Every structure is written in structure tokens, then in C-alpha cells.
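The report below describes selected features of one structure, beginning with a single side chain and moving on to cores, a pocket and loops.

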Amino acid sequence: GGDIFDFLMRDDRLYFLIGDVSGKGVPASLFMTVVGHLFRNVARYSTSASVIVEAINNGLAEGNDEDMFCTLFCGVLDMQTGRVEFCNAGHNPPIWIHEGNTSFMHPEVNLPTGVLGDFEYKSEEIQLSEGDALFLYTDGVTEAENSQKALFGDASTLAMVDLLKDVPMMDMADGVVDAIRRFVDDYEQSDDLTMLCLRWRGKKSIG
């Protein structure tokens, strides 16, 4: 109940978000719900990823007596040009499949949202080429644990995404989940598994 992903289309732009709330149970779920409402409300009038994240941060920081926080990665994809403006608030770095090469992005981290009101978040940009894809995820993916207390890890996640880089996005997500299940085997799942995958196929198209 503490993970979130969301997306919406407006004026040939795809707004997308993935996040992970600290803690578990009902408080985390309620915190997550606030994040979702703030994202959709602000994305209806702003085209800036950092403005969206700043609004979420200020909304969460106000009256945050539980000292909870939410890591976020927010992006705005211009469907006409392939330009992505994004803001990372303490979240796991996405994997970028760019012109056939698969690697982790290295965004500025910024503070997780809800920690400090009026924090100035910074936006960054990347340019997607036709056929490029982004794989976003929460730490339940890389920190999936087996009975020997070994973690699935960054290297295995990157390797699986690279193996699946040419398949449809739903198949990529399903393939990563299947790999994690094989790794974990019958060991109890320790955290939510949340992924968001997108591919830019050029103007007016998304897969």
C-alpha cells in the first residue's frame, strides 16, 4: 500500500510519476493517496516536473506530524519531440534504453517529498530517440530478498531489462516480475513490486 504510480495525458504531453512512501499499512496508504491527488491536480495546469514535485512536497510537509516522506520520480514527456523533463526526489534511478544501449540514468537526487517544505527542486532533461524506453521501479524490485538474504540487486534488474529491451512494455514488466519470483522462490515477499515502463515510438505514438 505504500507504492504509487500514475500517469495522464494533456496537450500532447505524458505526465508520469512513480513513488515509494516510508512506512507501511494505513498511514502509508493515506500518504500515497495525497500524493496521487496532488500530482493530478498540479499536472492539469503545469508542464514543469519540478513545479509538480514542489507542490507535492509542500502539500505533504504541511502538518506532517508522523514525519513520513515519499521518494518520487516525476517526468513530462513531449509526445511530439521525445523530450523528457524530469525531477527526481530521492527515488531509484530509472533505466534508460537509448539507441539500443541499456543503462541507469544518473539524475540529481534532491530530497524526498514531505521532509522539508519550500525545498527548491531541480528539473533535468533527456532527449529520447525513436524506440527509446524508460523503466521506472521502486526499491521492492532491487531489494527483493531470497531465503539466503541475498538481494535481487541493481545488476540483475539492469540485466533483465536489457534482455527484454525489445519486447512490448507489458511483457517487460511481466518478465522482470517473473525473474524476481524465480529468484525469491517461496520466500515471503518483503515489499511491494511497482514498475512503470514507457517507450517513445515517435510523434503521436506510445507503447
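## Basis of the model

This is a predicted model, in which local features need pLDDT of at least 70 and side-chain atom pairs count only at pLDDT 80 or more, while totals for chains, interfaces and linings use all residues. Residues are numbered from 1 along each chain as its sequence is written, and side-chain values use heavy atoms, with hydrogens and water left out.

Asparagine 57 is found in helix H2 (residues 49–61); helices (H or I, at least four residues) and strands (E, at least two) are DSSP runs numbered from the N terminus. With a relative accessible area of 0%, asparagine 57 is buried, given that buried means under 20% relative accessible area, exposed over 50% and partly exposed in between, for a 1.4 Å probe and protein chains only.

Not counting residues up to four places away in sequence, asparagine 57 touches, among others, Pro112, Gly114, Leu116 and Phe119, a contact being heavy atoms within 4.5 Å. Glycine 114 lies in the loop between strand S6 (101–104) and strand S7 (124–127) and counts as buried at 5% relative accessibility. Leaving aside neighbours within four places in sequence, the contacts of glycine 114 are Asn57, Leu60, Ala61, Asn64 and Met68.

## Nonpolar cores

The largest nonpolar core has 26 residues, and Val35, Phe39, Ile52 and Ile56 are those with the most contacts inside it; such a core is a set of buried Ala, Val, Leu, Ile, Met, Phe, Trp, Tyr and Cys residues joined through side-chain atoms within 4.5 Å. At least two residues of this core come from each of strand S1 (3–10), S2, H1, H2, strand S3 (70–78) and strand S4 (83–89), and H1 gives the most, with eight residues.

Beyond its neighbours within four places in sequence, valine 35 is in contact with Ile4, Leu17, Ile56, Leu60, Cys70 and Leu72. A second, separate core of 22 residues includes Ile95, Phe104, Val161 and Val177.

## Aspartate 3 and the second largest pocket

The second largest pocket is lined by 18 residues, of which Asp3, Asp20, Val21, Gly23 and Asp191 lie nearest its centre. Strand S2 (13–21) and helix H1 (25–43) each supply at least two residues of this lining.

Aspartate 3, placed in strand S1, is buried with a relative accessible area of 9%. The side chain of aspartate 3 makes a polar contact of 2.8 Å with the side chain of threonine 138, and another, also given as 2.8 Å, with the side chain of threonine 194. The C-alpha atoms of aspartate 3 and cysteine 70, which are 67 residues apart along the chain, are separated by 9.0 Å.

## Two aspartates with positive phi

Aspartate 12, in the loop between S1 and S2, has phi near 60°, a positive value in a residue other than glycine, and is partly exposed with a relative accessible area of 33%. Aspartate 185, in the loop between helix H5 (169–184) and strand S9 (195–199), likewise has phi near 60°, and is exposed at 58% relative accessible area.

Methods. 1 Å grid on protein atoms, 1.4 Å probe; cavity = no way out; pocket = protein on both sides within 12 Å on 5 of 7 lines; lining within 4 Å. Polar contact = N/O pair within 3.5 Å; in protein donor to acceptor, adjacent residues only side chain to side chain.
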